[in-house]
Amino acid sequence: MTSEKLMEMAVEAMRHAYSPYSGFKVGAAVLCADGSVYQGCNIENAAFGPSVCAERTAIFKAVYDGHRDFTAIAVCGGKDGEISGFFPPCGVCRQVMREFCEDDFMIYMVGPNGTHEEMTLAQLLPCSFSAKKHMQ
Ligand code: THU
């Protein structure tokens with residue numbers, strides 16, 4: 001699985017978004033250590049609070065299927081599905097990534113006109129103390 005293909009799968013996932021309140025369609029595709037890919041979209045709710053981001057939809061689908069090791073995620077979004085800029089994962093999604101992913105987990109943010117930005121989880125959510133390791 002190449003990063004380009006993973007980003008294409010995030011773009012495809014955007015079409016599944018349920019976002020009547022914000023109008024923003026977001027798609028994500030997470031790559032598991034065994035090479036399988038799970039796609040996710042944002043799913044909003046009239047009460048706002050229960051809404052879920054595309055990244056968490058993808059990761060939770062994968063975890064349900066037994067995956068706990070991930071190497072990369074691609075994400076994209078925009079008003080009415082039109083990619084107009086980069087969509088960095090929100091703080092809650094970064095925290096969910098911290099639960100399952102290592103510092104070198106890659107985040108590919110798809111931008112307009114074939115552009116993209118990439119960052120590691122260590123860059124997006126630095127953490128020098130692993131609560132998970134110390135719980136064992
Ligand atoms: N959203 C995501 O799906 N991922 C992010 O990383 C940030 C925000 C969604 C939540 C909401 O449905 C819409 O984008 C507007 O914030």
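Which residues of α2 are buried? The legends below take this up along with other close-up views.

**About the model.** This is a predicted model, in which local features need pLDDT of at least 70, side-chain atom pairs count only at pLDDT 80 or more, and totals for chains, interfaces and linings use all residues. Residues are numbered from 1 along each chain as its sequence is written, and side-chain values use heavy atoms, with hydrogens and water left out.

**View 1. The whole chain, from end to end.** The chain has 5 helices and 5 strands, and from the N terminus on these elements run α-β-β-α-β-α-β-β-α-α. Helices (H or I, at least four residues) and strands (E, at least two) are DSSP runs, numbered from the N terminus. The radius of gyration is 14 Å, close to the 14 Å that the globule rule gives for 136 residues, so the chain is as compact as a globular protein of that length. That radius is taken over C-alpha atoms, and the globule rule is 2.2 Å times the number of residues to the power 0.38. Along its principal axes the C-alpha trace spans about 45 × 35 × 25 Å. Of the 136 residues, 41% are buried, where buried means under 20% relative accessible area, exposed means over 50%, and partly exposed lies in between (1.4 Å probe, protein chains only). The chain exposes about 7,500 Å², and carbon and sulfur atoms supply 55% of that area. Accessible areas come from the Shrake-Rupley method with a 1.4 Å probe; for residues, only the protein chains shown count as cover.

**View 2. Helix α2 and what covers it.** Here is the reply to the opening question: the buried residues of α2 are Ala-54, Glu-55, Arg-56, Thr-57, Ala-58, Ile-59 and Ala-62. Their cover includes β1, β2, β3 and α3. After α2 comes Gly-66, whose phi is positive, near 100°.

**View 3. Helix α1 and its buried face.** The 12 residues of α1 should span 16 Å at 1.5 Å a residue, and the end C-alpha atoms are 17 Å apart, which agrees. The expected span of a helix is 1.5 Å times one less than its number of residues. Leu-6, Met-7, Met-9, Ala-10, Ala-13 and Met-14 are buried in α1. Looking down the axis of α1, you find these buried residues within an arc of 155°, so they line one face of the helix. The arc is that of the directions from the helix axis to the C-beta atoms. Among the elements that cover the buried residues of α1 are β1, β2, β3, β4 (106-110) and β5 (116-120).

**View 4. A tilted pair of rings, Tyr-21 and Phe-48.** A search of the whole structure finds 3 aromatic pairs. Rings of Phe, Tyr and Trp (its six-membered ring) pair if their centres lie within 6.5 Å; planes under 30 degrees apart count as stacked, over 60 as edge-to-face and the rest as tilted. In this pair the ring centres of Tyr-21 and Phe-48 are 6.1 Å apart and the planes stand at 55°, so the pair is tilted. The two residues are 27 residues apart and link distant parts of the chain: Tyr-21 is in the loop between α1 (3-14) and β1 (24-32), and Phe-48 is in the loop between β2 (37-41) and α2 (54-64). Tyr-21 is partly exposed, with a relative accessible area of 43%, while Phe-48 counts as exposed at 58%. Phi of Phe-48 is near 60°, a positive value in a residue other than glycine.

**View 5. An edge-to-face pair, Phe-70 and Phe-100.** Phe-70 and Phe-100 form an aromatic pair with 6.2 Å from centre to centre and 90° between the planes, an edge-to-face arrangement. Phe-70 lies in strand β3 (residues 70-79) and Phe-100 in helix α3 (residues 91-100), so the pair ties together parts that are 30 residues apart in sequence. Both Phe-70 and Phe-100 are buried.

View 6. Val-110 lies in strand β4 and is buried, with a relative accessible area of 9%. Leaving aside neighbours within four places in sequence, Val-110 is in contact (heavy atoms within 4.5 Å) with residues including Met-7, Val-11, Val-75, Ile-83 and Phe-86.

**View 7. Asp-80 in its loop.** Asp-80 lies in the loop between β3 and α3. Phi of Asp-80 is near 55°, a positive value in a residue other than glycine. Is Asp-80 buried or exposed? Asp-80 is exposed, with a relative accessible area of 59%.
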